[in-house]
Amino acid sequence: MNLHDQYERPLRDLRISVTDRCNFRCPYCMPAEIFNERYQFLPKPHLLTFEEITRLTRIIVRLGALKIRLTGGEPLLRQDIEKLVAMLNALEGVDDLAMTTNAFLLPQKIDALKAAGLRRLTISLDTLDDEIFRQMNGGRSGVDKVLAGIYAAETAGFTPLKINAVVQRGVNDHRLVDLARFFKARGHILRFIEYMDVGNMNGWRMEQVVSAAEIVETVDAELPLEPVAGNYFGEVARRYRYLDGEGEIGLISSVTQPFCGSCTRMRLSPEGQIFTCLFAIEGASLRDPLRAGATDDELEAIIRATWGERIDRYSEIRSSLTEEVRDRRKKVEMYHIGG
């Protein structure tokens with residue numbers, strides 16, 4: 001039953017974006033000048049219901065997806081999200097159920113998420129410097145709010161956490177070691193992410209990218225590192241462990257060291273489209289046929305055809321595209337389908 005695309009890449013991961021809304025306005029994802037009070041987010045009737053998400057997930061799991069991750073926008077903004085967690089956790093064949101969050105609302109939600117069966121958490125925190133952090137989230141939060149979420153997750157037993165930090169040259173790249181030292185001491189896995197040209201609104205330029213190699217060199221100079229083999233096929237982060245044996249970091253290097261050749265991810269958007277790449281131009285709707293009365297077999301046929309025709313490898317060809325072509329290529333926005 002397992003699916004493979006045109007490059008023989010299997011379907012192994014499903015990332016479910018449960019909302020296109022977020023309480024932060026990070027310039028690399030949802031710049032505040034565009035996503036202001038006049039911006040029209042998806043109306044509630046357009047969103048997949050929890051029952052619809054669960055039905056589609058059951059089919060996709062049957063086709064090979066073992067790992068499920070809830071994303072957004074900010075997933076904790078979706079009302080009663082713990083109910084969806086419980087429904088997905090009950091599905092047969094799900095090996096891993098995780099969530100990526102900015103952690104702002106986590107203290108209020110952590111016990112319900114744990115009880116519902118959430119197994120792992122990834123938390124986004126780009127810097128420990130409060131002024132820089134506010135700059136990087138559109139002035140919506142101080143570092144203390146995210147740290148409160150991290151401490152709540154620790155207390156609830158979600159350890160080790162994964163901490164995602166997007167690195168931008170001239171913004172937060174001079175504070176990387178502080179971040180590494182802090183999370184090394186707490187026993188969490190920090191993952192540095194190269195600044196990517198996701199969506200069409202963040203004004204991305206190559207000179208803003210701090211390469212994974214440069215990040216490793218910076219951290220290694222203060223906290224010596226050595227490379228470690230990956231855990232499984234399709235693992236996104238390149239792993240490095242500290243030479244003193246206390247912990248590790250990961251590098252997500254979509255720009256300078258693309259990993260398209262081992263990408264196993266399908267993405268389900270809040271309104272029920274499936275996308276086969278973070279940089280995709282368009283998706284295939286499952287909501288419309290589902291609401292028109294399609295059977296599971298008919299929905300499965302759409303999923304099979306979509307993955308089976310997949311040839312995405314944008315990160316591998318990015319460098320061969322001119323700046324004009326890159327700018328003209330209208331990609332789906334990251335807040336819409338998760339990172």
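**Figure 1. Aromatic pairs around Phe 24.** The predicted model holds 6 aromatic pairs, a pair being two rings of Phe, Tyr or Trp (its six-membered ring) with centres within 6.5 Å; planes under 30 degrees apart count as stacked, over 60 as edge-to-face and the rest as tilted. Phe 24 and Phe 104 form an edge-to-face pair, at 6.1 Å centre to centre and with 80° between the planes. This pair links distant parts of the chain, 80 residues apart: Phe 24 lies in the loop between S1 and helix H1 (50-62), and Phe 104 in the loop between strand S3 (96-101) and helix H3 (106-116). Helices (H or I, at least four residues) and strands (E, at least two) are DSSP runs, numbered from the N terminus. Phe 24 is buried, with a relative accessible area of 4%, whereas Phe 104 is partly exposed, at 25%. Buried means under 20% relative accessible area, exposed over 50%, and partly exposed in between (1.4 Å probe, protein chains only).

Figure 2. Because Phe 24 lies in the loop between S1 and H1 and Phe 133 in helix H4 (residues 130-136), the pair ties together parts that are 109 residues apart in sequence. Phe 133 is buried, with a relative accessible area of 3%. Ring pairs join Phe 24, Phe 104 and Phe 133 into a cluster. Residues are numbered from 1 along each chain as its sequence is written, and side-chain values use heavy atoms, with hydrogens and water left out. In this predicted model, local features need pLDDT of at least 70 and side-chain atom pairs count only at pLDDT 80 or more, while totals for chains, interfaces and linings use all residues.

**Figure 3. Lysine charges over aromatic rings.** The charged end of Lys 114 sits over the ring of Phe 158, 4.8 Å from its centre. Lys 184 lies over the face of Tyr 242, at 5.1 Å from the ring centre. A charge sits over a ring if NZ of Lys or CZ of Arg is within 6 Å of the ring centre and within 35 degrees of the ring normal.

**Figure 4. Strand S1 and its partners.** In S1 (residues 13-17), 5 of 5 residues are buried. Asp 13, Arg 15 and Ser 17 point one way, and Leu 14 and Ile 16 the other way. In a regular strand the side chains alternate between the two faces of the sheet. S1 pairs with strand S2 (residues 67-71) in the parallel sense over 5 bridges, and Leu 14 stands opposite Ile 68 in S2. S1 also runs parallel to S10, joined by 4 bridges, with Asp 13 opposite Arg 265 in S10. Two strands pair if DSSP finds at least two bridges between them.

Figure 5. S10 pairs with strand S11 (residues 273-275) in the antiparallel sense over 2 bridges. The bridge partner of Leu 268 is Ile 274 in S11. The two strands, S10 and S11, form a hairpin with 4 residues between them, and Gly 272 in the turn has a positive phi of about 85°.
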